Amino acid sequence: MTNLLNTTPGIADTRPAAASTKTVAVRARGLVKTYGSGPAAVKALDGADLVIHTGTFTAIMGPSGSGKSTLMHALAGLDVLDAGQVHIGDTDVTGLGERQRTLLRRDRFGFVFQSFNLLPALTAQENITLPLDLAGRRADPDWLARLVDTLGLRDRLGHRPSELSGGQQQRVAVARALVTRPEIVFADEPTGNLDTRHGQVLLSFLRDACDDLGQTIVMVTHDPLAAAHADRVVLLTDGRVIEEITDPTASAIADRMLQLDTDQHPNPHPRAGSGFGSGSGSIQEG
Amino acid sequence: MLRLVLKQTLAHRGRLLLTFAAITLGVTFVVGTLVLTDTSREVFDDQFCDASTEVDIVIRDAVAFDAAMGIEVERDPLNSRLAAHTATLPGVSRAIPVVKGTGLLIADGEAIVPAGPSMLTSWTGVDGFTLRDGHAPEQLDEVVIDAATATAHDITLGDTVRVQADSEADLRVVGLVGFGDADGLPDTTVALTSLATAQRLLRLGDGISQISVIAADGTATSEVADRLRAELGTDVDVAASQDTAAASAAAAKSQLGFITGALLALAGAALVIGAFLIANTFSVLVTQRTRELAVMRAAGATGRQVMTSILGEAAVLGIAGAVAGTGAGLVAATGLRALLDAAGATVPDGPTVLSARTLVVALAVGVVVTLIAAFGAARRAARVSPVMAMREGALGTAGGRGRIRAGVGLTLTAAGVAALSVGGATESMPALGAGTAALVAGLVALAPVVAPAVVHLIGRGLSAVTGRSVPAGLAREAARRAPRRTGATVMALALSLALVVFVSVVGASVRAALQSGFDEAITAELVVESARGEMLGGLEPATREKIEELDEVGTVSPLRFGHWKDSGATRALTALDPATIDDVTHVDMVEGSLTDLSDGRDGVVITERQAVERGRDVGDRLAMTFARTGTVQVPVVGLIDDDDAKALSTDYLVSLASYRDWFTERVDATLLVRPSSGTTLDQAQTALEDALEGMPTVEVRDQASAAEARTASLDGILTLITAVLMLTVLIAMLGITNTLALSIIERTRELGLLRAVGMTRRQLRTMIRTESLLIAVAGLLVGTTVGVATSALFVRAIAQGGDLHLQIPTTGLALVAAAALVVGIVGGLAPARRAARLEVLTAIHEQ
Ligand SMILES: Nc1ncnc2c1ncn2[C@@H]1O[C@H](COP(=O)(O)OP(=O)(O)OP(=O)(O)O)[C@@H](O)[C@H]1O
Ligand SMILES: [Mg+2]
């Protein structure tokens, strides 16, 4: 497992200058999303702006409840916004209907979720090719083989998810996210359920996909170690992007986050949720 | 505990809705049947009891048996002088002569044809009828009718009505009667006249039907009866009126017995099919609640407590279903009555009777069926271990028990098939019954193994035709992944369709046999029959007299039916006129001829099959017991071909002359008519129709429609049964909807994921609908196979070597297939819509 990338010819461990191409992959402006109404209303997004360039690896961070998942869902066309605009390339996602958003997800995006990424009825192979099958297209055999080999799934293809370990399941999900050669891969805490070692393998793979193939990746995470794999970290608080860190290191992120948390929320966070910042050990009990 | 159970049931009410509907439907059916038959029975009891309250003893002509096939035999008239004599005997206060018969009421030229009898009776004042208006009939031209008929047909005192019996007369309405509290008798018209008028209309001369005796005050009825018996001899039958009333009611009720039996059997089928649905629901609920149950276990609940709580939920549901079903059953009774009416089986209507027994049965049925159906799931719930609280996982795929189940299923299925084959070969009905039961039980046990495989195969086949598609593939997989659920759903539909197929195949075969040979054996161009389809036929002698007078008619040959007892068993015979029968039929005789019945001595022609079975030949004697005469040793004078005998309806043929000796009945069942030479068929038919205009119940048919009409009552019953069976198909469809709806809840996250990675709503709908269709087609395949196989063997068995051939009704099967497809399509609609409405994000975040 650890030498996975070394033995793989396709993706070499070289890191080109980040964001060398300056094409815009995602442009989001003034995103607003409110849940509920009246005094109970929660503004999950409150005028968030964001630009993501093609071929970059972006990590979205922020305290629990800050709107990270909501932002990602908005970008990926999974959710409808109350205000604001999202452009994917030249496409205005906010103007699209339900069916077009579905096709957008199927053909131009890849997804990795924190858990429950796979259909239990399908084998690993079938899970990987699911978006293509839904579109009635065939997988490019070379590309599929490369993904499968790189992710070390070759001898697991016939297995169903219940017969795979958590790490293997997440790798199958990553393969699925990449199989369509999507414009953007969205990942919501993809390593949240994995131990550090398996998490690192997965992140290295994403890093390589970005470097070698120019894959655009947007990842939500709580883990500074994970975010350190990104070209850029976008910090979100109360539904707004408040800061960006380029070429981040884990300790820089951890420091910033800790500071942010104490700045913004001197009292324990009122909402239940996974405490953020496992690297900095800042889980607060209320 | 009870509060917890109630809370759980309420919390799941959405998921339990269809289950509740299934229980309710089943109970509705049971209650409807019981209410219907109780009501009708009560009507009979009341009718015969009220009629006998004032009378203590009834004297009638003695007969060897009272009733056959639910109809009371007719008795010879008594001499009216016997009434006068009886009145003089000690202990007798009054001896009232009574004439009873049938007399059609005609008002303003319109015959009043009730669904039941047209009663014509002499006025006695003691038979339960009480005057509501006017006075009793005194003059010869006076009549009293029941208030209900009068109201329904706008007849008032002073109007003239025609009463048509053996002869007819115009009579003035001088009174209206009710019966007990009611305005009349259900489905009946009543005409009460003076004794002399009734005698004249029924052409009884001096004869009377019975003597109603009222015992003197202070004497015991039984003593008086004994004395009368001793005095009057064995030619007459002296009976306590309570006993005759009970016997009459029993005879009338025995006809209801067939209907009750058939309806209850169908209700049972509906319940069994509903049970599959219930079982599925609880199985899904338990699976969905594995975590919750595990937490309960971890918190210290015993397995038994878990099981009790699940069964408690089932009981609550069963009680609710029973209560709702009882209410609906009261309404359903009316619907069933209408259905029976449409099928030509009229049951009398009266004040609705909801007996305590019905309530108990409804509750028991609802609760027991639900508990049994939920038992498997409850046991599985009890086995949930606390560890499962921590584990995401597959539950309910118990490998070892699955193998035991498959083994049991295979054994039962094999035993069933073996018993069916043996039963088919040896024509043994018990073996067939046992075989069918074993086969069904076996298939039910095998269902979780067989059904998903069948579904999968069909899915493959479908994909081969339509090309590979992910939604279809996923549908196939979903069906396979929940083998029990798929199995139960498929089997519920399969069983209901198998029943429809069975009825349709057996019906078509019997139908073909009934019609076969009719056109070859019956050469008469015209056939006159009663449209009401009375068991013994319903043509009054006047019908024949009218036809015989016509110039356009060459030959009229009547057929009559009668019942006799064959050492206890009731059999039917046909009486014919040997002088004219050859003009209107062409039958093959194996030995002798039909004219051998003619030469003034009694004899019987029997079918070749009966001859073989009984080991009788021409010249041997057959012991036949008739109500009028008792047992007679009748010589066999000829053997007739089995098929041709069918055209004449029975296996035993006698002459009309013998019939007159042995039977009191005088109605013709069929008149076979041949036009006179030089008259065309059309002319003859028009002449007949004109002549019979005043007899609305008489129908003139040409040969082809007569052949059709032979199966009319069978057709009615088949339609009724099929209509009712459609209810079970409906329940099976609810089962599909239920299963899919529940599985959508179970698969919410999966569906969300599918939508997230790009499955369109349309694809999602297609997936759910395909699953529904696959289940339906699997049900169709299994159901048709089982239905055709069992019915084929049954047909062979009831044929008993006779000429009943298996007919596979293509239209019938096409309809079954269409029904299955409709079930498949409609059953999936709601769940598909519901699945497509799922919000992607909510689905993903569902826990
Ligand atoms: N469906 C919903 N209904 C109501 N409120 C919601 C809903 N989804 C999210 N929210 C609220 O919106 C806010 C942002 O939620 P979001 O899931 O985007 O946070 P997050 O940054 O992803 O948090 P976490 O790190 O815990 O995953 C939170 O306050 C949350 O409670
Ligand atoms: Mg989140």
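**Figure 1. The shell around ligand 1.** The residues of the shell around ligand 1 divide into four nonpolar, seven polar and three charged, where Ala, Val, Leu, Ile, Met, Phe, Trp, Tyr, Cys and Pro count as nonpolar, Asp, Glu, Lys and Arg as charged, and the others, Gly among them, as polar. The model is predicted, so that local features need pLDDT of at least 70 and side-chain atom pairs count only at pLDDT 80 or more, whereas totals for chains, interfaces and linings use all residues; side-chain values use heavy atoms, with hydrogens and water left out. Residues are numbered from 1 along each chain as its sequence is written, while chains are lettered from A and ligands numbered from 1 in the order in which they are written. Of the 14 residues around ligand 1, S64(A), K68(A), S69(A), T70(A) and H222(A) come nearest, a residue being near a molecule or strand if one of its heavy atoms lies within 4 Å of it.

**Figure 2. Polar atoms facing ligand 1, and the elements that supply its shell.** An oxygen atom of ligand 1 is 2.7 Å from an N or O atom in the side chain of K68(A), and a polar side-chain atom of S69(A) lies 2.7 Å from an oxygen atom of the ligand. At G65(A) a polar backbone atom is 2.9 Å from an oxygen atom of ligand 1; each is a polar contact, that is, a pair of N or O atoms within 3.5 Å (within protein, one must be able to donate a hydrogen and the other to accept it, and residues adjacent in sequence count only if both atoms are side-chain atoms). On its own, ligand 1 has 630 Å² of accessible area, of which the protein covers 67% (Shrake-Rupley method with a 1.4 Å probe; for residues, only the protein chains shown count as cover). Two or more residues of the shell come from each of β2 (42-53) and α1 (68-75) of chain A, and α1(A) gives the largest share, three residues; helices (H or I, at least four residues) and strands (E, at least two) are DSSP runs, numbered from the N terminus.

Figure 3. Over all chains the count comes to ten aromatic pairs, which are rings of Phe, Tyr and Trp (its six-membered ring) whose centres lie within 6.5 Å, with planes under 30 degrees apart counted as stacked, over 60 as edge-to-face and the rest as tilted. F109(A) and F111(A) form an edge-to-face pair, 6.5 Å centre to centre with 80 degrees between the planes, and both residues are buried (under 20% relative accessible area; exposed is over 50% and partly exposed in between, with a 1.4 Å probe and protein chains only). Ring pairs link F109(A), F111(A), F113(A) and F186(A) into a cluster. In chain B, F626(B) and W662(B) are stacked, at 4.5 Å centre to centre and 10 degrees between the planes. This pair links distant parts of the chain, with F626(B) in strand β23 (residues 621-626) and W662(B) in helix α20 (residues 656-662), 36 residues apart. F626(B) counts as buried because its relative accessibility is 0%, and W662(B) because its value is 3%.

**Figure 4. Charges over rings.** The charged end of R181(A) sits over the ring of W143(A), 4.5 Å from its centre, where the rule asks for NZ of Lys or CZ of Arg within 6 Å of the ring centre and within 35 degrees of the ring normal. K565(B) lies over the face of F65(B), at 5.1 Å from the ring centre.
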